[in-house]
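Hello,

Here is the structure for you to look over. My notes follow below it.

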Amino acid sequence: MKLNQYTLRNLLLPLLLIMAVWALGFYSLVLHEVNDETEDTLLNYKEIIIKHALADTTLLKDDVGLMNSYFIREIPAEQADLSKDVFFDATKYIEIERENEPIRVLRTHFLASNGKFYELTIEISTLEEEDLKETILWSILGLYLLLLAAILLVTHYVFRKSFRPLYSILDWLRSYHPTKPEPLLNATTIDEFNTLNEAFSQAAQRGAAIYNQQKQFVELASHELQTPLAVSMNKLELLSEDPDCTEAQLTEITDIRRTLRGLIKMNKSLLLLSRIENNQFPETQEVSLARIAEEVVADFAEVFAAREIRVYTMKESPLIRQMNESLAVTMITNLVKNAFVHNLNGGEIYLETTDRQLILSNTSENTELNRERLFQRFGKQSNRPDSTGLGLAVVKSIADLYGIEVSYNYNGKHQFALTFEL
Amino acid sequence: MKILVIEDEDSLREVMVRSLEKERYRVEWAADYPAALWKINDYQYDCIVLDIMLPGGNGLSLLEELKNMRKRDSVIIVSAKDSIDDKVRGLDLGADDYLTKPFHLAELNARIKSIIRRKQQDGEMDLSYANITVYPDRHAVYIDGVELPLNRKEFALLYYFVANPERLLSKDTLAESVWGDYIDQADSFDFIYSQVKNLRKKLKTAGAQPEIKAVYGFGYKMINEE
């Protein structure tokens, strides 16, 4: 859930409640006030009528008007209660309108100057009052909704405005990569965001610095290793050419050279990885991956033959893409080599190319491999001494450079697929 | 034949010098930029083996100096840097070849031989050993003047033997010379055996005098016993 939505949702519930209570309270207060006003009018009216009646007993008779009427009726003394004013609502049939209209009634008792007790009933039409109540109700409801909408809208915009720096930071973080750190351009006058900007910039710089140090370290270490490796290899070469060398010594030398070759190979792969990461292969051209794969397989023909490994090719498309040729060759060679090294004697390799995929499958004595470690450096899952554990890492690194997806599947055979963008 | 080895790493320079001396070249060396500059200024060499990372200056500027002196010494760059930029710059500045460390001495030897031969002939280059002559530029082999058809890999093998006659070549060196860096499965070097066997048979049928001899399990050597 978005922070914005979350805030609005959290704001909406209490607002709905508080404003509903407020609206109800306001409405009932107004109603109460209106009732009070009517009752005051009735009481005033009562005072006037009684005052007049007391002065002049001839006025002790009913009066029926359009808006208000009163009725006077004599009552026995024992029924009279002079302290009582009773208010109630009622309806009255109006002949002209042919319908019942709401009225408010005040019933009270009084003692006239002639010594008799009377009951006074005053009726006042509350038709206007009803109208008033209705208008008030609708106004409050409208106001309620309008206010709610206004508050939410304003909150939404204020939120967007105040949190814009946060979203810039998030955008920047999403595109951040230690290989190409971009400066965080997020000018703001808000202290908290300035602090956050600073913290993130510093963390990013540290990250990039550490990344570069690591990269440089690997690069320098591999460079520094080149010369001593060359010296050792060349000295062994000279030693083996010595005519006094015995067969046993030559066998020993062969073993040392084998180990040394592994080291040289590993070092070369590490250098290659650094160079790919440093983008040192900028030149590209149109290459046919299917053709390269066929050539690589043909190159290895004798090597395969020595282990009686058969290769089956299925070519649907030349699979032409814009790539650096030597990287394309390295990527495919590493995959082919992988399919060969981990194969069985007398095993099989299947090479399949479609218009967007290059798939290599091979038989092997290994069962399904761990996908997580498969493409990691030194993530090798066999103890073969002739495997550097870098071949697939190189494949992955090249694939990443060109947005190619590398996937591994196991269906009795180990299947590596390169999926290219169309 | 005079060769100058410019390399600051003592032990590497020493093995290169020893290996070249075995090929009966006159070898001189320099360990830093000023010494190298002084040598190329004062003498003429058939081939200069140049490390481009030198104390006191860049090997590439030595190439420029050579150019300014209008000298035609052949140059092979040896570098720990396998960077295309350096390679292109080096070759642009007039270097004849570029070798990345680490390399096999046999490889260095083959390249030096080719360069010297090319310079001597000023035209199509060939290398000969006894009655075998190879033309690397057009991948052709002649035995006593009669062409021997070979496939690409057989040719690469034979070329390596002819460029390094009477020298013990290990299986891995040979495999690398044919299949490049990509061949690194030690247990698969046995296929070299069948390749050499084929080549041997073809040479013998064609009447070649030199013979490819196996040396224990280590490798092969081309010798001419006649």
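H1(A) spans residues 3–55 and H2(A) residues 127–162. Their axes come within 10 Å and cross at roughly 160°. Axes here are lines fitted to C-alpha atoms over the stretch in contact, with angles from 0 to 180 degrees between N-to-C directions. H1(A) is therefore roughly antiparallel to H2(A) (over 145 degrees). By class, their contact has 21 nonpolar, five polar and three charged residues. Asp, Glu, Lys and Arg count as charged; Ala, Val, Leu, Ile, Met, Phe, Trp, Tyr, Cys and Pro as nonpolar; the others, Gly among them, as polar.

This is a predicted model: local features need pLDDT of at least 70, side-chain atom pairs pLDDT 80 or more, while totals for chains, interfaces and linings use all residues. Residues are numbered from 1 along each chain as its sequence is written, and chains are lettered from A and ligands numbered from 1 in the order written.

Next, the chain contact. Chain A gives 33 residues and chain B 34 (C-beta atoms, placed from the backbone, within 7 Å). On the side of chain A, H4(A) gives the most, with 13 residues. Helices are DSSP runs (H or I, at least four residues), numbered from the N terminus. That side divides into eleven nonpolar, nine polar and 13 charged residues.

Lastly, Asp171(A) sits in helix H3 (residues 164–174) of chain A. Asp171(A) is exposed, with 12 other C-beta atoms within 10 Å (exposed is 12 or fewer, buried 20 or more, partly exposed in between).

Best wishes

Note on methods:
Helices (H or I, at least four residues) and strands (E, at least two) are DSSP runs, numbered from the N terminus. Two residues are in contact if their C-beta atoms, placed from the backbone, lie within 7 Å. Angles under 35 degrees count as roughly parallel, over 145 as roughly antiparallel, 65 to 115 as roughly perpendicular and the rest as oblique.
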